[in-house]
Amino acid sequence: MALDLHAGSAELARILPHSGIRQLKVLGNSLLHDLSFVRKLSGLSSLSLSGCPRVRKLSALEGLPLDSLDLELFEIEKSELAHLRRLDRLTSLSVTGPLLDSNIPLPSGHPTVERLTVASQKTTVINDLSEWPALRELVVQDDCDALSVLLAASRAPALNSLDLAIDSLRLPVPFGLPEFDEPLLVTD
């Protein structure tokens, strides 16, 4: 179900059926500031949140039986991402947008996520994926710190697919190669 409606959490809890919704996309809702309404939706397994700039807290998601979560962030605090670690059925996570206090737009790890997509208008840094034991596929879009992503990917125990869906990739001058006098630029 796609929901393109301006309504707060209390109103959504009142108008949405409490059962029968497996997938929910909330689009362009500038009135929504918390996600408590999703706790009443039994059977919800997939949630997508896009264009909801007032949502700053993710605690209502804790413990939900979601297997897929797609979040567009609007400068929430990094500490809010810790709530995502308590989604024990989650296998697909997509995080788009900047955080208020960090350029690492991920929780510190997740035990069940197999597919992770990260996109941000700010330079994305991924410093460690060793606490993502089930992660098989990583997609990084927009601008990223390539070395941090490659190093993090090398520490992901089960990773077998890395997609850098970006326009260009800046790499530092290869150590010990004097014929390169400026950073390498790889495009397309």
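**Charged side chains and their setting**

Modeller: Glutamate 80 is buried, its relative accessible area being 10%. Here buried stands for under 20% relative accessible area, exposed for over 50%, and partly exposed for what lies in between, computed with a 1.4 Å probe on protein chains only. The model is a predicted one, in which local features need pLDDT of at least 70 and side-chain atom pairs count only at pLDDT 80 or more, while totals for chains, interfaces and linings use all residues. Residues are numbered from 1 along each chain as its sequence is written, and side-chain values use heavy atoms, with hydrogens and water left out.

Glutamate 80 is located in the loop between strand 4 and strand 5. Leaving aside residues up to four places away in sequence, glutamate 80 touches Arg56, Lys57, Leu58 and Ser59; a contact requires heavy atoms within 4.5 Å.

Turning to charge pairs, a search of the whole structure finds four salt bridges. The criterion is a side-chain nitrogen of Lys or Arg within 4 Å of a carboxyl oxygen of Asp or Glu. One of them joins arginine 86 to glutamate 62, with the closest N and O atoms 3.4 Å apart. This pair links distant parts of the chain, 24 residues apart: arginine 86 belongs to the loop between strand 4 (68-72) and strand 5 (92-96), and glutamate 62 to the loop between strand 3 (46-50) and strand 4. Arginine 86 is partly exposed at 44% relative accessible area, and glutamate 62 is also partly exposed, at 26%.

Another salt bridge brings together the side chains of arginine 136 and glutamate 114, at 3.6 Å from N to O. Distant parts of the chain are again linked, 22 residues apart, since arginine 136 is in the loop between strand 6 and strand 7 and glutamate 114 in the loop between strand 5 and strand 6. The relative accessible area is 43% for arginine 136, which is partly exposed, and 32% for glutamate 114, likewise partly exposed.

A further salt bridge is formed by glutamate 137 and arginine 115, whose closest N and O atoms are 3.3 Å apart. Glutamate 137 is part of strand 7 and arginine 115 part of strand 6, so the pair ties together parts that are 22 residues apart in sequence. Both residues are partly exposed: glutamate 137 has 27% relative accessibility and arginine 115 has 34%.

Strand 6 (residues 115-124) and strand 7 (residues 137-144) run parallel and are joined by seven bridges. Within this pairing, threonine 124 has cysteine 144 in strand 7 as its bridge partner. Two strands are taken to pair if DSSP finds at least two bridges between them.

The protein has two helices and ten strands; helices (H or I, at least four residues) and strands (E, at least two) are DSSP runs numbered from the N terminus.

As for the whole protein, 41% of its 188 residues are buried. It exposes about 9700 Å², of which carbon and sulfur atoms supply 50%, the areas coming from the Shrake-Rupley method with a 1.4 Å probe, where for residues only the protein chains shown count as cover.
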